[in-house]
Amino acid sequence: MGGEMRTYHTWGRVPDSTPAGVRLPAWADELDRVSTAEQPFLAVGLQRSYGDSALNNGGTLVDMTALDRVHSFDHETGILRADAGVVLGDLYGLIVPHGWFIPVVPGTQFVTLGGAVANDIHGKNHHRHGTFGCHVRAIGLVRSEGRGVITQDESGELFRATIGGLGLTGIIAWVEVQCVRIASAKVSVTNTPIDRVGSAVDVLSEHDAGYEFTVAWIDTVHHRGRGVVHSGNWSTTSDSLTEPTPKPGLPIPFDAPNGLVGRWSVSMFNMLWYARHRWSARHAEASFRPFFHPLDMLQNWNRLYGRRGMVQYQCVIPTAAGRQPIEDILTMVRKERMASFLTVLKTFGGLHSGGLLSFPMPGLTLALDFPNTGAALYALLDRCDELVRETGGRIYVAKDCRVSGPTFRAMYPAWEQFREHIDPKMSSSWWRRVAET
Ligand SMILES: Cc1cc2nc3c(=O)[nH]c(=O)nc-3n(C[C@H](O)[C@H](O)[C@H](O)COP(=O)(O)OP(=O)(O)OC[C@H]3O[C@@H](n4cnc5c(N)ncnc54)[C@H](O)[C@@H]3O)c2cc1C
C-alpha cells in the first residue's frame, strides 16, 4: 500500500482531479486501515465511469484493482464470490467453460465487480434480467466504523443504498453473485436496419419479446435518424463452450488532435456502418466477447477525442412519456449541429434492484457521445436535462460530469434517504458537486 500525487481522470477525461493520497491495498485486512485515512476516501475500480463519480479531488482514492482474487465458484449452482477488484472480462475464462455467464454485462468488459455494484450497471438484457444488483446475493462491506456482510434480506436499506450507491456507503471488499446458465459461448445475432428512430423503437419493442439481448445504434447526423437494431440470443445451433483466444484491443498510442471526432468524421463513420449492415447478412453467429463488448476492439479509444476529452449523455425517459422526448432530444442535437459519435437506444424493463440511486426505470434509454466542445455543448445538455426532468426521467450518474445539484436532486428524489447511509468518512468529487451545490 503506497501513496503518490498525480492527476487522475476517468474515461471521458473531463474533469481532471488531484487526490491528496492514493492507496493500493493488496490484502483485504489493509482495508480496515484505509478506512481510517485522514481525508475523505473513495474506493475506485478501473475508472471506466465517464465523469467525476470515481474521482475524489483533495481526498484519498483507494484503488481496488490489486484485490483481485476469486474466493469460490460453485459449478453446480453458479454462485461466484470474488474480491471487488476482479475484472468482469477476467471471469469469463473461469465460468464460461462450465456453462455459466455473468448475469449482466456492460458495453466494456473492463469493469470491476465493485464498480458493477456501485453503479448498478445494466446491459443489453435489461428487459429480461434487470441490473447487476438484481443478481447480487451478498456484499462484504468495510465502513469506517467496522466491516460486515450485507444482504437484501438482512440489511434492508443499507443494501439498497450500496447497490448503485456510487461507492459512498463503504468499501465493497467482495461480492457474491448468482451467474446465469448458458449452453453455448456463441450468440445468434440478428441485425435489422431501420430508416428512422421511430422504427428503432418499434423493432426494439417487438424484439424484446423474442430476444434476450437488444440494442439499437442510431445515426444522429442523418435527418430521420436511421440505424441498426442488434438483437441476440445465446446460440442453439452451437453447443461449444470454448471461445477463440481473446485478442487484446488495438492500442491508440497518442491523443488525437482536438476536432478529429467532429461532424464530418462522424458522418463518414455512420455512413459506412449503416451500409455495412444494410448490405450484409442479417443473421450471424458471433463470439460473446465481440458481441457484448465491440468497443474493446480498440484500447483507450477515448484518446480519439483528444485532450479535451468527451462527454457522454445518457438519460431514461419513462414509458408513460412515450417516444416523443427521444425524438425531441435528437432534433435538438441535430439543430445545434452537434455530432454524437456513438448513439445507442434501448428499452429498459420493469425489474428493479431496489437500489436507491439506481438509474434504470421502465422506458427508453438514450446514450450520446460528444467531443467536449465546451459551453455550447453544456448549454445543449442543460436543455436536454430540463426535457428529461419534465418527463419524470433521469440521467445516468456513471456518465455524468456536469449536471447541476438541483437537477440531480429532482431526478433522484431518494437522494436524501440515501444520504443517511453514507459513511461519514467517504466522499467523491461527484457527490460534493451534486449534493452540496
Ligand atoms: C466503453 C464503455 C461502455 C460502457 N457501457 C456501459 C453499459 O452498457 N451499461 C452500464 O451500466 N455502464 C456502462 N459503462 C459504465 C461502466 O460500466 C461503469 O461506469 C462501471 O461502474 C465502471 O466500473 P469500474 O470498475 O471502472 O468502476 P469505477 O469507474 O472506478 O467506479 C465507479 C463507481 O464505483 C465505485 N466503486 C468502484 N469500486 C468500488 C469498491 N470496491 N467499493 C466501493 N465503491 C466502488 C466508485 O467509487 C465509483 O463511484 C460503460 C463504460 C465504458 C467505458
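User: Which residues does Ala 200 touch, not counting residues up to four places away in sequence?

Analyst: The model is a predicted one, in which local features need pLDDT of at least 70 and side-chain atom pairs count only at pLDDT 80 or more, while totals for chains, interfaces and linings use all residues. Residues are numbered from 1 along each chain as its sequence is written. Ala 200 touches Ile 194, Ala 216, Ile 218, Gly 227, Val 229 and Leu 345. Contact here requires that the C-beta atoms of two residues, placed from the backbone, lie within 7 Å.

User: What makes Ile 194 a buried residue?

Analyst: A residue is buried if 20 or more other C-beta atoms lie within 10 Å of its own, exposed if 12 or fewer, and partly exposed in between, with C-beta atoms placed from the backbone. Ile 194 has 22 other C-beta atoms within 10 Å, and therefore it is buried. Ile 194 belongs to strand S13 (residues 186–194); strands (E, at least two residues) and helices (H or I, at least four) are DSSP runs numbered from the N terminus. Beyond its neighbours within four places in sequence, Ile 194 is in contact with residues including Ser 199, Ala 200 and Val 203.

User: Which residues touch the most other members of the largest nonpolar core, and why is this core said to lie between the domains?

Analyst: A nonpolar core is a set of buried Ala, Val, Leu, Ile, Met, Phe, Trp, Tyr and Cys residues joined through C-beta atoms within 7 Å. The largest one has 117 residues, and Val 62, Val 117, Ile 172, Val 175, Ala 200 and Ala 216 touch the most other members. Domain 1 (70–182) and domain 2 (186–405) both give residues to this core, so it lies between them. The domain bounds come from an automatic or database domain assignment.

User: How many residues does each domain give to the contact between them?

Analyst: The centres of domain 1 and domain 2, taken over C-alpha atoms, are separated by 24 Å. Domain 1 gives 28 residues to the contact and domain 2 gives 30 residues. On the side of domain 1 that touches domain 2, the largest share, four residues, comes from H4.

User: How do you know that the radius of gyration agrees with that of a compact globule?

Analyst: The radius is taken over C-alpha atoms, and the globule rule is 2.2 Å times the number of residues to the power 0.38. For 437 residues the rule gives a value near 22 Å; the protein has 21 Å, and therefore the two agree. The C-alpha trace spans about 60 × 50 × 45 Å along its principal axes, and 48% of the 437 residues count as buried.

User: Which peptide bond is cis?

Analyst: The bond from Val 14 to Pro 15 is cis, with omega near -5°. Pro 15 is found in the loop between strand S1 (8–9) and strand S2 (16–17).
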